[in-house]
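Subject: Handover of a structure

Hello,

I am handing this structure over to you. Please open it first, then read my notes alongside it.

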Amino acid sequence: MAANFCGLTLQSPFLYNFSRPTIRSSSFIRSSSSSSASSNGNLKEPFSGEPEADVVVIGSGIGGLCCGALLARYDQDVIVLESHDHPGGAAHSFEIKGYKFDSGPSLFSGLQSRGPQANPLAQVLDALGESFPCKKYDSWMVYLPEGDFLSRIGPTDFFKDLEKYAGPSAVQEWEKLLGAILPLSSAAMALPPLSIRGDLGVLSTAAARYAPSLLKSFIKMGPKGALGATKLLRPFSEIVDSLELKDPFIRNWIDLLAFLLAGVKSDGILSAEMIYMFAEWYKPGCTLEYPIDGTGAVVEALVRGLEKFGGRLSLKSHVENIVIENGKAVGVKLRNGQFVRARKAVVSNASMWDTLKLLPPGALPESYVKGVNTTPQCESFMHLHLGFDAEGIADDLEIHHIVVNDWDRGVDADQNVVLISVPSVLSPNLAPPGKHVLHAYCPGTEPFGLWEGLDRRSAEYKNLKSQRSEVMWRAVERALGLGFKREKCEVSLVGTPLTHQRFLRRNRGTYGPAIEAGKGTFPGHSTPIPQLLCCGDSTFPGIGVPAVAASGAIVANSLVPVSKHSQLLDAIGL
């Protein structure tokens, strides 16, 4: 499954009806002078002439690539158009001076899982026949007001930390929580995300196909457990409250896990998503995974799958607008004036606000436009990318570090939680010999209003970058110890919400819609315009790698007959 450490994207399986975000994959800084070749080592130049395809996909983020690659697997003629010279969107990698940086997601689990309960991205990769090597590990460092400790996933190790930092009552409450929610995990993982489609065909590919296993899981849970399963689509805080969990450490830790997973606290995340995460992280033998070649390996695998089945990826192909004829989406016009015709559909992997900008005035009902414009947004990011010498740094340095400065402010307060990833700890090939590569960030909590209207070349902007990045520098110094010196960094890049807005083409640099469980649901994939569909983090099931992979798969499934969809499920054993 895929979960998002609000920046540390935790890959853990994510059920299709989890309608909440998962961490935040945030893309980052690239300039023409520092960009490397595309992720598969071959820059796809913009095409010439007037090409056409069955389906035109706007954007090569993970959602768009999953959609395009599956459509190619379904024997559809598909073109994926990407404005930048790298594929991957918020999950792309970039290289500077031999340092290979992840721009967004960095903490994964379930990347190599297979079968009905695998995470959506893993199911798509399975369908494409693609994979990549990963390193496994089971711990990360946590720096809390109560103290610093190494947190391990698994059924027993965390109890030791609870005993030391919170006391016996916290241990008892944690046992009570696990006892109540783990039996619900089979129901939370009942429907493979790849079985879902956006029409009545879902009754065949999902409902009928998996009804026996769902029924079996409810029988196994018994009446009390089955009753509890009705809370899967409600905020997780309701389960916590019903269990009367009072210990401050437990409540704070649950909020932190929810925030790392979905960018919201426990009162905003779906119970199903949290329960799945607990099932993944607190079972015997569980591990986390990191791609040996970085997050770029995920993008490369999806691009390979797309091209293997005849799909096309065109980089440096900026879509200026979606072309509407006779009320239908019939293609797109590129910035260079080229028209790319879509015989069957146009799929936008841009955010809901940015998709709106691609459409001519009056193309959508006023009520739809108002709904998009009034949808609340998550805040943006601060990023710090560093390349430095490993001399003086502990040999047993952990790959991931989480710093919480103040519980009372809340984990979702700006400048309060910093996430740090040092992937070269597990994958030395991501940095020159004897060096480390590091990505630190404040995940989805940086107010865009602080930056709005600033000239990126101005002294005011540069001063604000220096001020707002200080919390990340201090977190890095705390995690890496006295052997780390700022002035010795060979690469030092600070990204701001304006960086997000510019390089990711994200409205106000946002991470995505701020839709909380119990207060709203993510939009579906169809639009009021025939032949125009949407995937990505502005659509169901929400934000994060698992969710956007699922959204891309749902759209692809919806564009082919049920028979082809069923054949694919049979072929990969679902």
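Below are my notes, from the whole protein down to single residues.

This is a predicted model: local features need pLDDT of at least 70, side-chain atom pairs count only at pLDDT 80 or more, and totals for chains, interfaces and linings use all residues. Residues are numbered from 1 along each chain as its sequence is written, and side-chain values use heavy atoms, with hydrogens and water left out.

Overall make-up

The protein has 16 helices and 18 strands. Helices (H or I, at least four residues) and strands (E, at least two) are DSSP runs, numbered from the N terminus. There are 574 residues, and 63% of them count as buried. Buried means under 20% relative accessible area, exposed over 50%, and partly exposed in between (1.4 Å probe, protein chains only). Take the contacts between residues at least 6 apart in sequence: 74% join residues at least 24 apart. Contact here means heavy atoms within 4.5 Å.

The largest pocket

Its volume is about 750 Å³. The search ran on a 1 Å grid over the protein atoms alone; a pocket is an open set of points where a 1.4 Å probe fits, with protein on both sides within 12 Å along at least five of seven lines. Lining residues have an atom within 4 Å of a point. Grid points are joined across faces, edges and corners, and the volume is the space filled by probe spheres set on the points.

The lining of the largest pocket has 40 residues. Nearest the centre are Asn349, Ala350, Ser351, Leu504 and Arg506. By type, the lining has 14 nonpolar, 19 polar and seven charged residues. Ala, Val, Leu, Ile, Met, Phe, Trp, Tyr, Cys and Pro count as nonpolar; Asp, Glu, Lys and Arg as charged; the others, Gly among them, as polar.

Where does the largest pocket lie? It lies between domain 1 (49–137 + 290–375 + 517–573) and domain 3 (380–509), because both give residues to its lining. The domain bounds come from an automatic or database domain assignment.

The cores

The largest nonpolar core has 124 residues. Such a core is a set of buried Ala, Val, Leu, Ile, Met, Phe, Trp, Tyr and Cys residues joined through side-chain atoms within 4.5 Å. Trp174, Phe236, Trp253 and Phe278 have the most contacts inside the largest core. Helix H8 (residues 248–262) gives this core its largest share, 11 residues. A second, separate core has 31 residues, including Met382, Leu384, Leu454 and Phe484.

Leu256 lies in H8 and is buried, at 1% relative accessibility. Leu256 touches Leu144, Ile402, Val404, Trp407 and Val411. Val404 is 148 residues away from Leu256 along the chain, yet their C-alpha atoms are separated by 8.8 Å.

Is helix H2 (residues 120–128) mostly covered or mostly open? Mostly covered: eight of its nine residues are buried. Those buried residues pack against H1, H10, H15 and helix H16 (562–571). Leu128 is one of them, and Phe309 is in contact with it, as well as with Ala72 and Arg73. Phe309 sits in the loop between helix H10 (296–308) and strand E9 (312–314). Phe309 is partly exposed, with a relative accessible area of 30%. Phe309 and Arg73 are 236 residues apart along the chain, with their C-alpha atoms separated by 5.6 Å.

Loops to check

- Ser427 is in the loop between strand E15 (417–421) and strand E16 (435–446). Ser427 is buried, at 1% relative accessible area, and touches Tyr290, Pro291 and Ile292.
- The peptide bond from Phe540 to Pro541 is cis, with omega near 10°. Pro541 lies in the loop between strand E18 (532–534) and H15.
- Glu244 is not a glycine, yet has a positive phi of about 55°. Glu244 is in the loop between helix H7 (236–242) and H8, and counts as exposed at 55% relative accessibility.

Best wishes

Definitions and conventions: Lists of a residue's contacts leave out its neighbours within four places in sequence.
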